Amino acid sequence: ESYSSKLLNDPNLLSKKIGEESTEVIIEILNKDKKNLINESTDLLYHLMVSWVYLDINPSEIWNEFKNREKKEI
């Protein structure tokens, strides 16, 4: 069983990993560590994308939300 499958079958684990990766991103921002921030950002984005699969969210829905918010700021 793949790691992605384990996450998809255990929303509690998926949520925990998103929390952990978010915290690690924050730490690397505060440390001003570009290399580690890139690594941790990759981990966070991976887990976010798995959550999109879990909830059947197409990435285009996310991008459309960005566009909607951009329009509201003008």
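I began with the side chain of Asn-9, which reaches the backbone oxygen of Ser-5 at 2.9 Å; I took this as a polar contact, that is, a pair of N or O atoms within 3.5 Å, where within protein one must be able to donate a hydrogen and the other to accept it, and where residues adjacent in sequence count only if both atoms are side-chain atoms. The model is a predicted one, in which local features need pLDDT of at least 70 and side-chain atom pairs count only at pLDDT 80 or more, while totals for chains, interfaces and linings use all residues. I number residues from 1 along each chain as its sequence is written, and side-chain values use heavy atoms, with hydrogens and water left out.

**Entry: Asn-9**

I located Asn-9 in the loop between helix H1 (3-8) and H2, where helices (H or I, at least four residues) are DSSP runs numbered from the N terminus. Asn-9 is exposed at a relative accessible area of 61%; the classes I use are buried for under 20% relative accessible area, exposed for over 50% and partly exposed in between, with a 1.4 Å probe and protein chains only. I also looked up Tyr-54, which is 45 residues from Asn-9 in sequence and 8.6 Å from it in space, C-alpha to C-alpha.

**Entry: helix H2**

I counted 21 residues in H2 and found that it reaches 30 Å from its first C-alpha to its last, close to the 30 Å expected at 1.5 Å a residue, the expected span being 1.5 Å times one less than the number of residues. Which residues of H2 are buried? They are Leu-14, Lys-17, Ile-18, Glu-21, Val-25 and Glu-28. These residues cover an arc of only 105° around the axis, which puts them on the same side of H2; the arc is that of the directions from the helix axis to the C-beta atoms. On the other side of H2, I noted Asn-12, Lys-16 and Leu-30 as exposed. What covers the buried residues of H2 includes H1 and H3. Just after H2, I recorded a positive phi of about 55° at Lys-32.

**Entry: salt bridges**

How many salt bridges does the structure hold? I found four, a salt bridge being a side-chain nitrogen of Lys or Arg within 4 Å of a carboxyl oxygen of Asp or Glu. Lys-16, Lys-17, Glu-20 and Glu-21 are linked in a network of such bridges, and I went through its pairs in turn.

Glu-20 pairs with Lys-16, with the closest N and O atoms 3.9 Å apart, and both residues lie in helix H2, four residues apart, about one turn of the helix. Glu-20 is partly exposed at 29% relative accessible area, whereas Lys-16, at 52%, counts as exposed. The side chain of Glu-20 also meets that of Lys-17 in a salt bridge at 3.1 Å, N to O, and here the two residues are three apart in H2, again about one turn of the helix. Lys-17 is buried, with a relative accessible area of 18%, and it forms a further salt bridge with Glu-21, where the closest N and O atoms are 3.8 Å apart.

Is Glu-21 buried or exposed? Glu-21 is buried, with a relative accessible area of 5%. Leaving aside its neighbours within four places in sequence, I found Glu-21 in contact (heavy atoms within 4.5 Å) with Glu-40, Asp-43, Leu-44 and His-47. Looking from Leu-44, and not counting residues up to four places away in sequence, I listed Ile-18, Glu-21, Ser-22 and Val-25 as the residues that it touches.

**Entry: helix H3**

The 21 residues of H3 should span 30 Å at 1.5 Å a residue, and its end C-alpha atoms are 30 Å apart, which agrees. At the start of H3, a side-chain oxygen of Asp-33 reaches to within 3.3 Å of the backbone nitrogen of Lys-35. In H3 I noted Glu-40, Leu-44, His-47, Val-50, Ser-51 and Trp-52 as buried. H3 is followed by Asp-56, whose phi is positive, near 55°.

In soluble globular proteins, nonpolar side chains tend to be buried together.
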